[in-house]
Amino acid sequence: MRSERKKSSDSAFDSGRGTRNPFGVMDVPTPDDEEVSAFAAGVKLEGTASDENAEMWGTESDGNDTIDGSWSSRWNGGADPTIPGDAKDKWKSGRGEVKTAGERVYLLFDWHHGVRKGLIDARREGAKGLVGKYVNLTDPKIVRPWVGLIVSNQRIDGKWPGGRLDFSR
């Protein structure tokens, strides 16, 4: 498996993008490090009907029968200083796009009307689990672990150390 991962990483460089991710943006640094493993060990996502992400809130839909494609995204648990009046408990909403590459899942998302952007690089853990890290592409010093659960092709529940980072369609 490790050689497969290396090969897919090299193919991104070979294609001229210069990145591991299929979006051609800055890569998430060390998406599989110890910080990620430690965070993932303490996160429990169950995908229940009572989860705060279970309510239909997404507006993006492309009729895709896989997780690849367009999504709506939202996160909370931190205040974005570029958004007047923002607070930790407020949702920051935007659009997202998911692309898979072997055992990796890449989630590119935005918020604040597309002004701010982030990228998640996660590895699959079983059929439904995702474990990785995100980088704030507009402020790359912000890098945090992230854990996700593919509840369905319409819903991905996610957590980062400060709160939620979810996807819906």
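Asp121 counts as buried, at 1% relative accessibility (buried means under 20% relative accessible area, exposed over 50%, partly exposed in between, with a 1.4 Å probe and protein chains only). Its salt-bridge partner Arg20 counts as partly exposed at 25%.

A quick word on where this comes from: this is a predicted model, where local features need pLDDT of at least 70 and side-chain atom pairs count only at pLDDT 80 or more, while totals for chains, interfaces and linings use all residues. Residues are numbered from 1 along each chain as its sequence is written, and side-chain values use heavy atoms, leaving out hydrogens and water.

Here are some of the salt bridges (a side-chain nitrogen of Lys or Arg within 4 Å of a carboxyl oxygen of Asp or Glu):

| Salt bridge | Closest N and O atoms |
|---|---|
| Asp121 and Arg20 | 3.7 Å |
| Asp51 and Arg164 | 3.1 Å |
| Asp166 and Arg164 | 3.0 Å |

The whole structure holds 15 salt bridges. Arg20 and Asp121 also belong to a salt-bridge network with Asp32, Arg104, Arg123 and Glu125.

Now for Arg164, which bridges to Asp51 and to Asp166. Arg164 is buried at 6% relative accessibility, Asp51 is buried at 15%, and Asp166 is buried with a relative accessible area of 0%. Leaving aside neighbours within four places in sequence, Asp51 is in contact (heavy atoms within 4.5 Å) with Arg155, Asp157 and Arg164. A polar atom of the Asp51 side chain also lies 2.7 Å from the backbone nitrogen of Asn53.

Key:
A polar contact is a pair of N or O atoms within 3.5 Å; within protein, one must be able to donate a hydrogen and the other to accept it, and residues adjacent in sequence count only if both atoms are side-chain atoms.
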